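I opened this model to look up its sheet, its pockets and a few single residues. My entries follow.

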Amino acid sequence: MPLDPLNDCPRHAHYMDGVFAAADGTPYVRSNMICVFESYAGDIGWRHSESPITGMEVRYSDPKFKKSSSDPSHISQFLVRFWTFVVCFVVYVSLQIREVRPKVTLVARMAASVANYDYIVDWEFQTDGLIRVKVGLSGILMVKGTSYVNVNQVPGQENLYGTLLSENVIGVIHDHYVTFYLDMDVDGSQNSFVKVNIQNQKTPPGESPRRSYLKAVRNVAKTEKDAQIQLKLYDPSEFHVINPNRKTQIGNPVGYKLVPAGTAASLLDHDDPPQKRGAFTNNQIWVTPYNRTEQWAGGLFVYQNHGEDNLATWSERDRSIENKDIVVWYTLGFHHVPCQEDFPIMPTVSSSFDLKPVNFFESNPILRIPPNVEKDLPVCVPAASA
């Protein structure tokens, strides 16, 4: 749907048109479909402060050295103390290092109205190469009617399958899932998916006072089933898409990693009809070889799909994905137990994930950006009162 200037996007945003197909296939143009703007919210790109050397006092006088100014030993003592002070001062000043760089983001935003809900999708491109994808939920809550006007009338709250939001209105418990099709092509089309398991390593007895430490075990997915991922808090992993044919100067394969944030897994039975149709939510991450006919996680005709044409079915073929042109599928999910603040129009609730460079650059790519100074930033001055 078209964006509303000054409300959907900031004052300085640039708007772009979108081309759509009418019911008879005729293309037509709709204005203000995407806005692009630069965002500076006071976030930090990088920073570091060096702690100064403390406790190094330089005293100008000492009772032991109170002699006449004509005493040669007094002069030599004074010179030693003077140069000691100079050296300590230079060291102290040199360690007063504080460097900070601001984070600036280029945002491309769209909003889709899907029946009663609105989904705001932001693609944030940051100067350090990180790409953040954020989804916001708003719109009209999904509700059903009821005879209840107060929770005291409800014999069992769990039997509502929702929350009483107002007189005769129940907000129904439900889920939201948005699946992203990520054709990464990291420095070329021949890529591999690597699951980096972060594991506990026990220390052999007597080797160290430490009992354990961490290690990273890298496993390259050979086939599709190796890359079917369900996120687990106590089995942490990183998920890298690398190009094994492109290396940094010191030999690491260039890559990007998928960094999940808050998401949700479906709790429905796998043989439940809606879950068969939405089987792409069985895992949070899938990897498939590129196939131009496999573009939509729910299949080509979602409402006529009984589970025979979707991402889960394609991935069952267990095709080779090592050093191939691959597609990563990531599902961002929300469990939604409505509350009264969601009614009748819900405030935006957001979640996101990141695509972060991992050995893609030789070093921090934003080391050389200049810091902000006062004249770089707009200064808001209140208008004179009438």
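**Notebook: sheet, loops and pockets**

I first looked up Ala41, which lies in the loop between β2 (27–39) and β3 (44–49). Strands here are DSSP runs of E, at least two residues long, and helices are runs of H or I, at least four residues long, both numbered from the N terminus. The model is predicted: local features need pLDDT of at least 70, side-chain atom pairs count only at pLDDT 80 or more, and totals for chains, interfaces and linings use all residues. Residues are numbered from 1 along each chain as its sequence is written, and side-chain values use heavy atoms, with hydrogens and water left out.

**Entry 1: Ala41**

Is Ala41 buried or exposed? I noted it as exposed, because its relative accessible area is 60%. The cut-offs are under 20% for buried and over 50% for exposed, with partly exposed in between (1.4 Å probe, protein chains only). I then checked Ala41 against Thr105. They are 64 residues apart in sequence and 9.0 Å apart in space, C-alpha to C-alpha.

**Entry 2: the sheet**

Strands of a sheet pair through backbone hydrogen bonds, either parallel or antiparallel. I counted two strands as paired if DSSP finds at least two bridges between them. In what order do the ten strands of the open sheet run? I read β1-β2-β5-β6-β7-β18-β15-β14-β12-β13, with antiparallel pairing. The edge strands are β1 (14–21) and β13 (212–220), each pairing on one side only. From one strand to the next, the twist averages 25 degrees. Axes for such angles are lines fitted to C-alpha atoms, and angles run from 0 to 180 degrees between N-to-C directions.

I went through some pairs.

- β1 and β2 run antiparallel and are joined by seven bridges. His14 stands opposite Val36 in β2. Their hairpin has five residues between the strands, and Gly25 there takes a positive phi near 90 degrees.
- β2 pairs with β5 over five bridges, in the antiparallel sense. Phe37 has Val107 in β5 as its bridge partner.
- β7 (131–140) and β18 (345–357) are antiparallel, with nine bridges between them. Val133 faces Phe353 in β18.

**Entry 3: the largest pocket**

The largest pocket holds about 1700 Å³ of space. A pocket is an open set of points on a 1 Å grid over the protein atoms alone, where a 1.4 Å probe fits, with protein on both sides within 12 Å along at least five of seven lines; lining residues have an atom within 4 Å of a point. The volume is the space filled by probe spheres set on the points. Of the 36 lining residues, Tyr177, Val178, Thr179, Phe280 and Val302 are the closest to the centre. Which element gives the largest share of this lining? I found β11, with eight residues. By class, the lining has 23 nonpolar, eleven polar and two charged residues. Charged here means Asp, Glu, Lys and Arg.

**Entry 4: the second largest pocket**

This one holds about 350 Å³. Its 17 lining residues include Leu231, Lys232, Pro236, Ser237 and Phe239, the closest to its centre. β15 gives the largest share, four residues. The lining divides into nine nonpolar, three polar and five charged residues.

**Entry 5: Asn282**

Asn282 is in the loop between α2 and β16 (285–289). I logged Asn282 as buried because its relative accessibility is 17%. Leaving out residues up to four places away in sequence, Asn282 touches Gln230, His270 and Gln275. Contact means heavy atoms within 4.5 Å.
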